[in-house]
Amino acid sequence: IVVLSISGIVLLFLGFLKSRAVLLPATLACLVVATVANFYDWNKTFVYFNDMLVINNLAMVFIGIVLLSAFMIVSLSGGMIDDEEAQPAEYYAIMLFSLVGAIMMIGYENLLMLFVGIEILSVAMYILTGSDKRNLRSNEAALKYFLMGAFATGILLFGMALLYGATGTFTISGIGAAVNDMVAAQVSPLLLYTGMFMLLIGMLFKVSAAPFHFWTPDVYDGAPTLFTAFMSTVVKTAGFAALLRVLMVCFNAGSVYAYWVQVLTIITVLTLVIGNITAVYQTSFKRMMAYSSISHAGYLLIGLVGLTQQSKGAIAFYSLGYSLSTIAAFGILLLVVKNRPINDAFVGDQNTLARPDESYEAFNGLARKNPLLSFVMTVAMLSLAGIPLTAGFWGKFMLFSTAVDRGLVWLLVVAVLMSAVGIYYYFRVVIAMYFREGKAETIRVAPFYRFVLITATVVTILLGVVPGLFQRFI
């Protein structure tokens with residue numbers, strides 16, 4: 001937190017320099033230092049800020065996934081340096097500040113720390129979503145995200161207040177102890193359940209779970225692609241780490257678990273069905289990835305519904321595999337869009353500026369001139385679809401196993417059927433690259449950009465072949 005906060009301030013001052021060349025390496029260096037600082041205290045547990053933040057091995061793993069995702073996304077941001085209208089120093093600083101919020105969400109011990117973390121991360125995302133000020137779509141997306149996020153925050157705060165009224169404390173360990181006492185005394189206060197559900201609603205909004213997902217397609221589509229990648233990986237990982245923590249510590253006792261798991265199971269099914277079925281009908285790759293993000297929230301929710309000790313490792317593993325594949329996919333999209341003409345359908349439209357072609361057709365014939373990029377995209381799509389020998393397969397296997405342990409076989413059947421639906425729209429990209437005729441040209445890729453894409457692909461395959469490499473750290 002200290003390293004990232006100081007780094008963000010330093011980057012703002014570096015923005016005054018005439019040359020922008022130093023910004024990207026400086027940001028990457030800050031992220032490397034933050035990652036080293038994160039794992040420096042491995043196998044130790046620390047409590048900070050008057051018992052408001054607790055950092056242990058599990059928290060370090062989630063923080064490591066978040067920092068790795070940020071490092072890879074920043075590595076793909078070289079185009080911002082070349083854009084005279086962009087303000088890369090501000091963007092990098094805001095991204096680093098948002099990571100501070102993500103860390104607070106992952107390691108919080110007090111609900112007030114959770115709220116502060118959510119707000120730091122959310123406000124940063126509102127700004128980055130609307131950062132392309134010349135694009136009306138970006139402005140509209142930022143406004144929608146801000147307004148709906150404000151309502152969700154209000155519901156979240158109200159839930160925290162009710163939980164405090166029911167238990168007399170804001171610490172999650174204290175709430176957990178109070179809930180256990182209530183279960184032992186067979187007491188079921190309405191105040192507790194109301195606060196619990198309002199808290200969950202506010203947090204489920206942040207991870208794009210249905211029916212709180214309506215902001216996701218427009219925001220993902222309108223935000224600059226680089227920040228869409230950041231939003232779909234960092235925010236989702238931090239959000240599910242926060243959900244896992246509050247459910248595992250506070251609401252995992254007998255009758256209380258039985259009370260909320262029924263509602264969360266319905267939300268999981270809705271998220272899976274809406275995310276996958278709606279993705280089938282999309283013509284824009286970026287919008288498809290938005291609904292894909294919703295569907296993956298559904299798979300991660302399975303790990304929360306089947307809440308066991310194995311859920312920790314399953315959610316962490318899936319978050320890593322999903323982040324790697326998503327970043328690789330958006331990285332290829334950035335390259336393809338940069339080398340494609342403006343979409344004629346949007347030229348002259350009064351409601352939006354002309355924009356590059358982000359449809360499936362933009363990938364037509366890509367494999368003929370760019371076999372490496374096509375391979376990277378193929379592995380990313382296979383992993384997101386959950387095909388064997390990729391990280392996505394084992395991630396789903398681990399999450400599905402938690403549902404089986406709880407006897408939720410019917411939920412597993414729904415998830416498998418929706419995974420089959422997912423194969424259809426992910427393979428549309430692969431078919432476009434290898435089997436469609438197009439005007440693809442050779443795309444020049446910067447060496448470090450290529451290294452990041454190859455690394456994401458290799459790690460995705462490695463985790464698919466030897467998943468135990470990661471599991472031993474949980």
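**Close-up views of a predicted model**

**Figure 1. Packing of helices α16 and α17.** In this predicted model, helices α16 and α17 are roughly parallel to each other, because an angle under 35 degrees between their axes counts as such. The two axes cross at roughly 10° and come within 6 Å. Helix α16 covers residues 371-385, and helix α17 covers residues 391-405. On the α16 side, the contact is made by S383, L384 and A385, which meet A391, G392, F393 and K396 of α17. By class, this contact comprises 4 nonpolar, 2 polar and 1 charged residues.

**Figure 2. Helix α13 within the structure.** Helix α13 consists of 21 residues, numbered 285-305. From its first C-alpha to its last it reaches 30 Å, close to the 30 Å expected at 1.5 Å a residue. Of the 21 residues of α13, 20 are buried, so the helix is largely enclosed by the rest of the structure.

**Figure 3. Helix α14 within the structure.** Residues 310-338 form helix α14, which has 29 residues. Its reach from first to last C-alpha is 42 Å, close to the expected 42 Å at 1.5 Å a residue. Helix α14 is largely enclosed by the rest of the structure, because 25 of its 29 residues are buried.

Figure 4. T216 belongs to helix α10, which spans residues 215-222. Its relative accessibility is 0%, so T216 counts as buried. Apart from neighbours within four places in sequence, T216 is in contact with S208, A290 and I294.

Figure 5. The bond that joins A210 to P211 is a cis peptide bond, and its omega is near 5°. P211 is placed in the loop between α9, residues 190-206, and α10.

Figure 6. F49 is not a glycine, yet its phi is positive, at about 55°. With a relative accessible area of 46%, F49 is partly exposed. D51, likewise a residue other than glycine, has a positive phi near 65°.

Figure 7. I63 is part of helix α3, which runs over residues 57-75. Its relative accessibility of 3% falls under the 20% limit, and I63 therefore counts as buried. When residues up to four places away in sequence are not counted, I63 touches N38, I55, I103 and I106. The C-alpha atoms of I63 and M105 are 9.7 Å apart in space, while the two residues are 42 residues apart in sequence.

Figure 8. Helix α7, residues 136-167, contains A141. A141 is buried, with a relative accessible area of 1%. Beyond residues up to four places away in sequence, A141 touches T129, D218, V219, G222 and A223. Between A141 and Y126 the C-alpha distance is 8.7 Å, at a sequence separation of 15 residues.

Figure 9. Not counting residues up to four places away in sequence, Y259 touches Y193, M196 and F197. Y259 and R245 are 14 residues apart along the chain, and their C-alpha atoms are separated by 18 Å.

Figure 10. A disulfide is a covalent bond between the sulfur atoms of two cysteines. A search of the whole structure finds 0 disulfides. C30 has a relative accessible area of 16%, which is under the 20% limit, so C30 is buried. C250 is also buried, with a relative accessible area of 1%.

Definitions and conventions. Residues numbered from 1 in each chain as written. Predicted model: local features only at pLDDT ≥ 70, side-chain atom pairs only at ≥ 80, totals over all residues. Heavy atoms only, no water. Axes fitted to C-alpha atoms, helices over the stretch in contact; angles between N-to-C directions. Helix = DSSP H or I, 4+ residues; strand = E, 2+ residues; numbered from the N terminus. Parallel < 35°, antiparallel > 145°, perpendicular 65-115°, else oblique. Contact = heavy atoms within 4.5 Å. Nonpolar A, V, L, I, M, F, W, Y, C, P; charged D, E, K, R; others polar. Buried < 20%, exposed > 50% of the residue type's maximum accessible area, 1.4 Å probe, protein only. Disulfide = S-S within 2.5 Å. Expected span 1.5 Å × (residues − 1).
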